[in-house]
Amino acid sequence: MASTAGGSASTLLDVRNLTVRFRTRDGVVQAVSDLSFTVRRGETLGVVGESGSGKSVTSLAIMGLLNRNYADVTGQILFEGTDLLTLTPAQLRQVRGRDVSMIFQDPFACLHPMYRVGSQIAEAVRAHNSVSKSTAWDRSVELLRAVGIPNADVRAKDFPHQFSGGMRQRAMIAMALANNPQVLIADEPTTALDVTVQAQILELIDRVKKQFDVGVILITHDLGVVAETASHVLVMYGGRAMEYGPSTEIFNGAQHPYAWGLLESMPTVERRMEVLVPIEGSPPSLLNPPSGCPFHPRCKYRFGRCDQDVPRLEQMAGGHLDSCFLPSERKREEWQKRISRDLGVAS
Amino acid sequence: MTMAPSTSAEHRAGHGPLVELDHLTKNFAVKQGVFAHGKGIVHAVEDVSLTVNRGETLGIVGESGCGKSTTARLMVRLLEPTSGTIRFDGEDISTLSSRRLRPLRREMQIIFQDPYSSLNPRKSVGQIIGEPFAIHRTEKDIKSRVQELLARVGLNPEHYNRYPHEFSGGQRQRIGVARAFALRPKLIVCDEPVSALDVSVQAQILNLLKSLQAEFGLTYVFISHDLSVIRQVSDRIAVMYLGRVVEIGQSELLYEHPRHPYTAALLSAVPRPESNGSTARQRIVLSGDVPSPVDPPSACVFHPRCPRFHRGKCDVDLPPLQQFEGEHQAACHFPVERWPMTAEELASGGTAPSAAA
């Protein structure tokens, strides 16, 4: 498997050939197939994909939050050399929330409505440190202050319903930071928020990344968010990696027809596009995935082998990886002639 | 600004505005309940005057709680205004009874945000789309009309007897479009019609709406919090904040040179792929959250968050909408001089109250 930087000193998380299958009444759902990527310290990996692309399942697998009675998880998730998939539940509990922590999409659903915000954060502190309640409370006030809650010492005594959406998300981030994690997974952290508040939260995540020197996995469906915050991008579709590499590479020369489709179908605030080019059809059912490349039924460029063989992620000339059978000259040509023109990217 | 009511002759000829809102206000009373601390009034829509012209798309953009959906619901009289008037096709409909409204209902339709909850799961697609015909008794052969509609919105006419759960989100929204379009209304209010959809599917629905508009000369009021989507679909745009229209104008003028600091901040806050992660674009980050519409700030409602707030002016005088280029209007004492601007430039600018340009 072509992994960009296996085992370099700054690599925090090294996911290798991750495959997740769910056993359901209707059959086996292959949610994630043969996925590999790395997260380094001080770096943000943006995971982009539509609903059902497997991006959230990937994050739950890393957090060890998938119920093993229903989910088969294979492959390796190496956190600083330890395979998280081999840990016992007790060992995993030590890692989860301390070394790897997570921010969820809906901050209202993730805070207990009947406990004060401060005590919920203090609970996260006490879960991994044997400190007194008052020390934990002080730490939670400090954390709330760090994430930009005004009057943190007073507001810590508030209940979640007294917080606005943006403040709740800040509180969730404070909770995720409670034990100085190494890896922070943010699953659609701004989807439920307004644009102006989204800008605040994205800035906060970026500041936290620098200040605490963590590796961030930012899961989103919004390419704009990824372009602004991520140093690396992983594009997922139908549970597989379509394209993976530095974000400048991908936004200046995407190589996969699905990535083109995403870029072309997205309206931009910069200008009114002549036409929006949608990707026809709808995302595949993972219960009954298409043969070969998962994208082939919707792909304008499909040819002979696309419906038979599954393309592997391969190293491209530009330094990023993509999984498509189109010859690379053809892809370069398409990007330069058509896609970059449609997008108005000077190249 | 007061709009002279257009003559009905003009309307019959198909010219002039389709919808005119004049000083429209909607308040909701907060009911006193077990947990409520007392009565209050939610100022959902405050003194909104705008027009929707025939055949155009008016975009209404703003953050949650800014009153954009309430405005749209007032327009189609799903709500009764507290004060002000609503004219639809030249007729004052602000206080019409529901009985009198019924014949007008077929002229105005809504496409809702959530394609999951807006379709009755117990009815087949044929029943859902056929319902408007049944209610208004306009067709004899409902089935063939529905199948025509299904084909027009890009669904298989043979799916007539299927149920909503058998369709994907995008397909369900096509059903929603077909239902709204069934009676060939004059006005369709699209309330966040693509927010719940994936990007690749979003473009399909936007293109479908556009082609229907081109073919049948429909008028749309398009509500969205997504500034990129709004730009793509709208001819004119109204930006709302805390129940008020703070800026309104032709789409291109407004995006090329926003005049209201709130619009400027909104535009700069949108993450965009063009920045390529390399060019650090100047983002104007507003502090704080949108205040509660129960107790909105005095004078200019945006002043507590405004980067160019001037004490003694913005918190005392309510800025009226003033005219700029074309039909572009903004309600600000210190409008943005040029665009783009950095956060510092925006904050330092506007030393003297400017007259209308």
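## Helix packing within chain B

Helix H4 (residues 125–136) of chain B packs against helix H6 (residues 169–181) of chain B at an angle of about 25°, their axes lying 7 Å apart. H4(B) is therefore roughly parallel to H6(B); angles under 35 degrees count as roughly parallel, over 145 as roughly antiparallel, 65 to 115 as roughly perpendicular and the rest as oblique. Axes are lines fitted to C-alpha atoms, for helices over the stretch in contact, and angles run from 0 to 180 degrees between N-to-C directions. Helices (H or I, at least four residues) and strands (E, at least two) are DSSP runs, numbered from the N terminus.

H4(B) contributes Val125(B), Ile128(B), Ile129(B) and Pro132(B) to the contact, and H6(B) contributes Ile175(B), Ala178(B) and Arg179(B); residues are in contact if their C-beta atoms, placed from the backbone, lie within 7 Å. These residues comprise 6 nonpolar, no polar and 1 charged. Here Ala, Val, Leu, Ile, Met, Phe, Trp, Tyr, Cys and Pro count as nonpolar, Asp, Glu, Lys and Arg as charged, and the others, Gly among them, as polar.

## Basis of the model

This is a predicted model, in which local features need pLDDT of at least 70 and side-chain atom pairs count only at pLDDT 80 or more, while totals for chains, interfaces and linings use all residues. Residues are numbered from 1 along each chain as its sequence is written, and chains are lettered from A and ligands numbered from 1 in the order in which they are written.

## Strand S7 of chain A

All 5 of the 5 residues of strand S7 (residues 183–187) of chain A are buried, so S7(A) is largely enclosed by the rest of the structure. A residue is buried if 20 or more other C-beta atoms lie within 10 Å of its own, exposed if 12 or fewer, and partly exposed in between, with C-beta atoms placed from the backbone. Val183(A), Ile185(A) and Asp187(A) lie on one side of S7(A), and Leu184(A) and Ala186(A) on the other.

S7(A) pairs in the parallel sense with strand S6 (residues 100–103) of chain A over 4 bridges, and 5 bridges join S7(A) to the parallel strand S8 (residues 215–220) of chain A. Pairing requires at least two DSSP bridges between the strands. Ala186(A) stands opposite Ile103(A) and has Leu218(A) as its bridge partner in S8(A).

## Contact between the chains

Chain A gives 42 residues to the contact and chain B gives 36 residues. On the side of chain A that touches chain B, H8(A) supplies the largest share, 8 residues.

Definitions and conventions:
Contact = placed C-beta atoms within 7 Å.
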